[in-house]
Amino acid sequence: MIRTVKTENGMVRGIEAADPRITAFKGIPFAAPPVGENRWRAPQPAADWEGVLEAYRFAPISMQSVPGLGDDIYCREWHVDPEIAMGEDCLYLNVWTGAGKPEEKRPVLVWFFGGGLQCGYPAEMEFDGERLARRGIVVVSINYRLNVFGYLAHPDLTREQPEAPSNFGSLDQQAGLKWVVRNIAAFGGDPGNITIAGQSAGGGSVLSQMACKKNEGLFQKAIIMSAMIRSPYRAGGIGDPEKLDSAERNGQAFFDFLGVKTLEEARKLEAAFIRDRYEEYTREHPAMFTVLDNCFCVGDPLVLYAKGECVDVAVMAGNTEDEFHNEIPAADEEELKRMAGELLGERAERFLACPEARVKTDTGYAPVSGISCTVRSEFLKNAAGAKPRKNYYYSFQADIPGWDDPGTFHSVDLWFFFETLAKCWRPFVGRHYDLSRKMCNYWANFISTGDPNGKDADGSDMPYWDCYTPEHRTEMLFTGEGPVVRTNEESDFTKLIIEQIGEMV
């Protein structure tokens, strides 16, 4: 086993994982601390160190609301520790490897956590990379700046550093990815076989990195989980970056809220004070997300992906069954017709002719999975473009046990893909573990070769998962009874919604 590694900045020593054949390296610095004059700057090079760095524990999480203080589902699920270390000095990454020597050139997964770009951290227990490492993958999880620390825009920043006026969290991810390319061979990884992956805002981060053409060649595959999010009933939405001038006005308003007039003054404030004031500010003002700065971010990543103006790689993408459903508001028959015509244009008549469109709920008509249809719409657009890629679509539909009867809530599939069910409080049973093992197998195969197919642990073939194309609209359904493949079974209603989103993105 590899226990000690020489990186570009110095020696690091890892620690055996629960399975001693795997070594975990936690808290390796990949950039200088973003504090003082480095606050709200692009990440700077990490300093060299003497001796051997003991990489045994996760580094502090990024500045954010203290986790584990609420009673929401995520505080029950994994944000459980209010005492977890937090600090502005947070640009560290973690590596899990089962390699015995550096020359093995194992495939590499680079993971970006989710949390709406406002919270989250690599130390979340569901992100343990050990099970993937047992399948021959070198797993890397990267921390990055969040909220106001990661996505502030301000006229002073634009004047002072026009090459990087915002999107510091995204630049952190990019810097971590470049570190992986330069250093991962020493951990037994292959710098020429890297998959970037993430869920929710982490999946959005994957899209953002794909949309940055400066990243060409840094990775070869991408996994986008629960992040292609658009509604068929309105333009724009989650993931559509804010224009720089608008983001700058928000930044100016926040400086006023802080009681400072200059960037120099703001950089001297305590990080905890900024964090607490940001929490207060966002109760009545917009939060800070990805900015259309025309440097790192040059457009809506979903639009650029659909047009093929992005890093050209194979993609696996999907969603959980119950997340991000959209409806037409409740109305009587005449009002429904009017709204359908207004929202859907020439498709309104086809829409109203579909039985699914007439299923009324407590809040409206025609509940559709905007995220599911967006993924498929994007894949079809890619297939029609000049550079079709191998794209794989999944839907997570397993039953989730627990007193809260949560359904397939946003993020629950993380337990399964990382095969970390044993860390969860929920009373999962054997078939859930079987499903998780197979999901992790599919994931590892895709990370390795760009094709998810292969054999289960007992040598039996898993259900064949084909690409999603116009000719073979293949969906992999991860159900409570196991993986189920469905091809060319989309209803006319679903096809209509896919078309609608395709024209809006």
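I began with A366, which I found in strand β15, residues 364-369. I was working with a predicted model, and kept that in mind throughout. The phi of A366 is near 55 degrees, a positive value although the residue is not glycine. I recalled that most residues other than glycine have a negative phi. Is A366 buried or exposed? I looked up its relative accessibility, and at 0% A366 counts as buried.

Next I turned to N147, in helix α3, residues 147-151. Its phi is near 45 degrees, again positive in a residue other than glycine. N147 is buried too, with a relative accessible area of 4%.

Then I went to the cores. Which residues have the most contacts inside the largest nonpolar core? They are V110, M210 and F351, in a core of 71 residues. Helix α16, residues 492-504, gives the most to this core, with 5 residues.

The axes of α7 (residues 244-258) and α9 (residues 271-281) come within 10 Å and cross at roughly 115 degrees. The two helices are therefore roughly perpendicular to each other, and their crossing is right-handed. On the α7 side I listed N250, A253, F254, F257 and L258; on the α9 side, F273, I274, R277, Y278, E280 and Y281 make the contact. By class, I noted 8 nonpolar, 1 polar and 2 charged residues there.

How values were computed:
Residues are numbered from 1 along each chain as its sequence is written. This is a predicted model: local features need pLDDT of at least 70, side-chain atom pairs count only at pLDDT 80 or more; totals for chains, interfaces and linings use all residues. Side-chain values use heavy atoms; hydrogens and water are left out. Axes are lines fitted to C-alpha atoms, for helices over the stretch in contact, and angles run from 0 to 180 degrees between N-to-C directions. Helices (H or I, at least four residues) and strands (E, at least two) are DSSP runs, numbered from the N terminus. Angles under 35 degrees count as roughly parallel, over 145 as roughly antiparallel, 65 to 115 as roughly perpendicular and the rest as oblique. A crossing is left-handed if the near helix is turned anticlockwise from the far one by less than a right angle, and right-handed if clockwise. Contact means heavy atoms within 4.5 Å. Ala, Val, Leu, Ile, Met, Phe, Trp, Tyr, Cys and Pro count as nonpolar, Asp, Glu, Lys and Arg as charged, and the others, Gly among them, as polar. A nonpolar core is a set of buried Ala, Val, Leu, Ile, Met, Phe, Trp, Tyr and Cys residues joined through side-chain atoms within 4.5 Å. Buried means under 20% relative accessible area, exposed over 50%, partly exposed in between (1.4 Å probe, protein chains only).
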